[in-house]
Amino acid sequence: MNRTDPRAIVESYLAAIGAHDYEGARRHLADTGFRYDSPISSFSDPDDFIQQLSMSAAIVQRIEPLKAFVDGRDVCHFLRFTIQLSEKESVKVAHWARVVDGRIQQLDVVFDAHVYRRMFEAPP
């Protein structure tokens, strides 16, 4: 992996997530100034983010890249996540990462969160 190429850094991070290698994923995140935002959570501490990810990403069975765009230090991927809840589902995800000094400083992730919200709904 090219340690300065933003796309290579982000794709290595995504590969680590797909392999459930959370220590490997953490190595790609900035130690200070980190920010993660999605429809279901926000984090400013990379270790807290990885801890939560290690618990919630167990449902991820596959990450399929659909398209990637690079603009300087910004890398945007359109991805398809195959997840397993009670049945397999496919979720399209827009994943925007900003790489600073060879590490991911910011992650903005957008997806339809209704599948995840169903997990936490109170029974009727």
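1. A search of the whole structure, which is a predicted model, finds five aromatic pairs, where rings of Phe, Tyr and Trp (its six-membered ring) pair if their centres lie within 6.5 Å, and where planes under 30 degrees apart count as stacked, over 60 as edge-to-face and the rest as tilted. One of them joins F34 and F49, whose ring centres are 5.6 Å apart with planes at 40°, so the pair is tilted. This pair links distant parts of the chain, since F34 lies in the loop between α2 and β1 and F49 in helix α3, 15 residues apart. Helices (H or I, at least four residues) and strands (E, at least two) are DSSP runs, numbered from the N terminus.

2. Both F34 and F49 are buried, a term that means under 20% relative accessible area, with exposed over 50% and partly exposed in between (1.4 Å probe, protein chains only). Y36 and F43 form a tilted aromatic pair as well, at 6.2 Å centre to centre and 50° between the planes. Y36 is buried, with a relative accessible area of 10%, and F43 counts as buried at 16%. Ring pairs link F34, Y36, F43 and F49 into a cluster.

3. Helix α3 (residues 46–56) has P46, F49, I50 and L53 as its buried residues. They lie on the same side of α3 because they cover an arc of only 95° around the axis, the arc being that of the directions from the helix axis to the C-beta atoms. What covers these buried residues includes α1 (6–18), α2 (22–26), β1 (35–37), β2 (42–43) and β6 (103–111).

4. The largest nonpolar core has 32 residues, of which Y13, L29, F49, L53, I104 and L107 touch the most other members; such a core is a set of buried Ala, Val, Leu, Ile, Met, Phe, Trp, Tyr and Cys residues joined through side-chain atoms within 4.5 Å. The largest share of this core, six residues, comes from α1.

5. Strand β3 (residues 60–71) and strand β4 (residues 74–84) pair in the antiparallel sense over ten bridges, pairing being assigned if DSSP finds at least two bridges between two strands. V70 has V75 in β4 as its bridge partner. The two strands form a hairpin with two residues between them, and G72 in the turn has a positive phi of about 65°.

6. A note on conventions: residues are numbered from 1 along each chain as its sequence is written, and side-chain values use heavy atoms, with hydrogens and water left out. In this predicted model, local features need pLDDT of at least 70 and side-chain atom pairs count only at pLDDT 80 or more, while totals for chains, interfaces and linings use all residues.

Terms used: Contact = heavy atoms within 4.5 Å.
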